[in-house]
Amino acid sequence: MKIAVFPGSFDPVTLGHMNIIERASRLFDKVIVCTVSNGEKKSPMFTPERRLALLEASVAEFSNVEAAAWSGLLTDFARDCGAVALIRGTRCGSNFDEEYAMAQIYRSLCLQLDMVVIPAEPTLAHISSTMVREMIKYDQPLEKYMPLPAAELVKGWQKNG
């Protein structure tokens, strides 16, 4: 069984992420979408538990995709899952350069891991989690930017404080 891990902060999950997940689900027998802490993002909007809930609701439609959360070294998680690849999405060329450097680091830590980079669909390349957080902050419609199950969860959380 070919297993891939798609890591990210997913703060929150976007339609761009979902496009990468859907495409990766056709390439691998199993895809584990894993929300991980990103040390560069100092103030996430959602707790790890809520990010996981958003992912679980969003990937429920895929029979070979599951959501997980991890706070340790990503290569340890991938190794424990038996993954052969890490999935990364890119929105522009500079993203690719960053991902290439990270691929070398991941590979040095875990020789079994290859990096598969999936470029964003042009119609979704403008959507970022940062932009979606702004939409949430200013109570804007989310359905054009987030999967509907995640958007509904966010709206429920906003109503309930």
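Predicted model: local features only at pLDDT ≥ 70, side-chain atom pairs only at ≥ 80, totals over all residues.

Q: Which helix does Asn 19 lie in?
A: Asn 19 lies in helix H1.

Q: What is Asn 19 in contact with, leaving aside neighbours within four places in sequence?
A: Asn 19 is in contact with Glu 121 and Leu 124, once those neighbours are left aside.

Q: How many residues apart along the chain are Asn 19 and Glu 121?
A: They are 102 residues apart along the chain, and their C-alpha atoms are separated by 7.6 Å.

Q: And His 17, where is its place?
A: His 17 is also placed in helix H1, which covers residues 15–27. With 18% relative accessibility, His 17 counts as buried.

Q: What does His 17 touch, not counting residues up to four places away?
A: His 17 touches Phe 6, Phe 10, Pro 12 and Ser 129 on that count.

Q: Switching to rings. How many aromatic pairs does the structure hold?
A: There are 3 aromatic pairs in the structure. One of them joins Phe 6 and Phe 10, with an edge-to-face geometry: the centres are 5.2 Å apart and the planes make 85°.

Q: Why is that one called edge-to-face?
A: Because planes over 60 degrees apart count as edge-to-face, and the planes of Phe 6 and Phe 10 make 85°.

Q: What about Trp 70 and Phe 77?
A: Trp 70 and Phe 77 form a tilted pair, 5.3 Å centre to centre with 50° between the planes. Trp 70 counts as partly exposed at 28% relative accessibility, whereas Phe 77 counts as buried at 8%.

Q: Now the sheet. In what order do the strands come?
A: The order is S3-S2-S1-S4-S5, with 5 strands in an open sheet and parallel pairing.

Q: Which strands stand at the edges?
A: Strand S3 (65–70) and strand S5 (114–119) do; each has a single partner strand, so one side of each is left without a neighbour in the sheet.

Q: How far are neighbouring strands turned against each other?
A: By 30° on average, with direction ignored.

Q: How many bridges join S1 to S2?
A: Strand S1 (residues 3–8) and strand S2 (residues 30–36) run parallel and are joined by 6 bridges. Gly 8, for one, has Thr 35 in S2 as its bridge partner.

Q: Which strands does helix H2 touch?
A: Helix H2 (residues 48–59) packs on the sheet and touches S2 and S3. The direction of H2 makes about 175° with that of S3.

Q: Zooming out, what pattern does the chain follow along the sequence?
A: The pattern is β-α-β-α-β-α-β-α-β-α-α, and the secondary structure comes to 6 helices and 5 strands.

Q: What is the radius of gyration of the chain?
A: The chain has 15 Å, which agrees with the value near 15 Å for a compact globule with 161 residues. The C-alpha atoms fill a box of roughly 45 × 30 × 30 Å along the principal axes.

Q: And what share of the residues is buried?
A: Buried residues make up 46% of the 161. The chain exposes about 8700 Å², and carbon and sulfur atoms supply 53% of that area.

Methods
Residues numbered from 1 in each chain as written. Heavy atoms only, no water. Pairing = 2+ DSSP bridges. Helix = DSSP H or I, 4+ residues; strand = E, 2+ residues; numbered from the N terminus. Axes fitted to C-alpha atoms, helices over the stretch in contact; angles between N-to-C directions. Contact = heavy atoms within 4.5 Å. Rg over C-alpha atoms; globule rule 2.2 N^0.38 Å. Buried < 20%, exposed > 50% of the residue type's maximum accessible area, 1.4 Å probe, protein only. Areas by Shrake-Rupley, 256 points an atom, 1.4 Å probe, with all protein chains shown as cover. Phe/Tyr/Trp six-rings, centres within 6.5 Å; stacked < 30°, edge-to-face > 60°.
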